[in-house]
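Reader: Could you take a close look at one part of this model for me, the way its inside is put together? I'd like one connected walk-through, with the cut-offs spelled out as you go.

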Amino acid sequence: MHYFAYGSNLHPLRLQKRVPTARLLGVTRLRAHVLRFHKQGQDGSAKCDAWRTGRADDWLPGAVFEFASAERRVLHEVEGLGRGYELAKDSVKLGARSVKVFYYVAEPSFVDATLRPFDWYCALVLAGARRHGFSLSHIEAIEDTESRPDPNSERAALHAQLITEIAGAT
């Protein structure tokens, strides 16, 4: 099974920092889902969610990656599986073939539309969306997401460094 990334793990460099064997297989869309910044993160900010709408004309763009199975546990840990996210599975089209993927969705009790993501988090999602050439409307929706500064200056500085590294690699 492959990983469908749609949020802060979209950019290959970001994901490889977490799971070093990650390899991009391609870009696709998940039917009947849209991107929402409403999942309560462990740091108190909003994180991305693949929000299931049930409408066939809704599509969530994302990237499909493969990586060593031994690293799956690591990704589950950093993503907060069982602590705000639960695992979802589906099939997506990757070129001419259908591929089974897993992805993370917000547990209902962790959905809070009043939260705002940190600015560095939005920048990571945006960097990935641009890297993969997602539609202008999707990129603009990310750009228009109201964010806030991270009150933890050390964490903010670490992510600013990562964003600079990603900008240099793109």
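**Inside the fold**

Author: Let's start with cysteine 122, which counts as buried because its relative accessibility is 7% (buried is under 20% relative accessible area, exposed is over 50%, partly exposed is in between, with a 1.4 Å probe and protein chains only). Before going on: this is a predicted model, so local features need pLDDT of at least 70 and side-chain atom pairs count only at pLDDT 80 or more, while totals for chains, interfaces and linings use all residues. Residues are numbered from 1 along each chain as its sequence is written, and side-chain values use heavy atoms, with hydrogens and water left out.

Cysteine 48 is buried too, at a relative accessible area of 1%. Its sulfur sits 7.4 Å from the closest cysteine sulfur, the one in cysteine 122, and that's too far for a bond. A disulfide is a pair of cysteine sulfur atoms within 2.5 Å, and the structure has zero of them.

Now the strands. Helices (H or I, at least four residues) and strands (E, at least two) are DSSP runs numbered from the N terminus, and two strands pair if DSSP finds at least two bridges between them. Five strands make an open sheet with mixed pairing, in the order β2-β5-β1-β7-β6. β2 (23-31) and β6 (85-94) are the edge strands, each pairing on one side only. Ignoring direction, neighbouring strands in this sheet are turned by 35° against each other on average; axes are lines fitted to C-alpha atoms, for helices over the stretch in contact, and angles run from 0 to 180 degrees between N-to-C directions.

Take β1 (residues 2-5) and β7 (residues 97-106): two bridges pair them in the parallel sense, and histidine 2 has valine 101 as its bridge partner in β7. Helix α2 (residues 72-79) packs on the sheet, where it touches β1, β6 and β7, and its direction makes about 35° with that of β7. Contact here means heavy atoms within 4.5 Å.

Which residues touch the most other members of the largest nonpolar core? Tyr3, Tyr6 and Tyr103 do, out of 44 residues, where a nonpolar core is a set of buried Ala, Val, Leu, Ile, Met, Phe, Trp, Tyr and Cys residues joined through side-chain atoms within 4.5 Å. Helix α3 (residues 119-131) gives the most to this core, with eight residues.

Tyrosine 3 also has ring partners. Rings of Phe, Tyr and Trp (its six-membered ring) pair if their centres lie within 6.5 Å; planes under 30 degrees apart are stacked, over 60 edge-to-face and the rest tilted. By that rule there are 11 aromatic pairs. The rings of tyrosine 3 and tyrosine 104 have centres 5.9 Å apart and planes at 65°, so they're edge-to-face. Tyrosine 3 lies in strand β1 and tyrosine 104 in strand β7, so the pair ties together parts 101 residues apart in sequence. Both are buried: tyrosine 3 at 4% relative accessibility, tyrosine 104 at 2%. Phenylalanine 102 and tyrosine 104 are edge-to-face as well, because their ring centres are 6.0 Å apart and their planes at 90°. Phenylalanine 102 is buried, at 1%. Ring pairs link Tyr3, Phe67, Tyr85, Phe102 and Tyr104 into a cluster.
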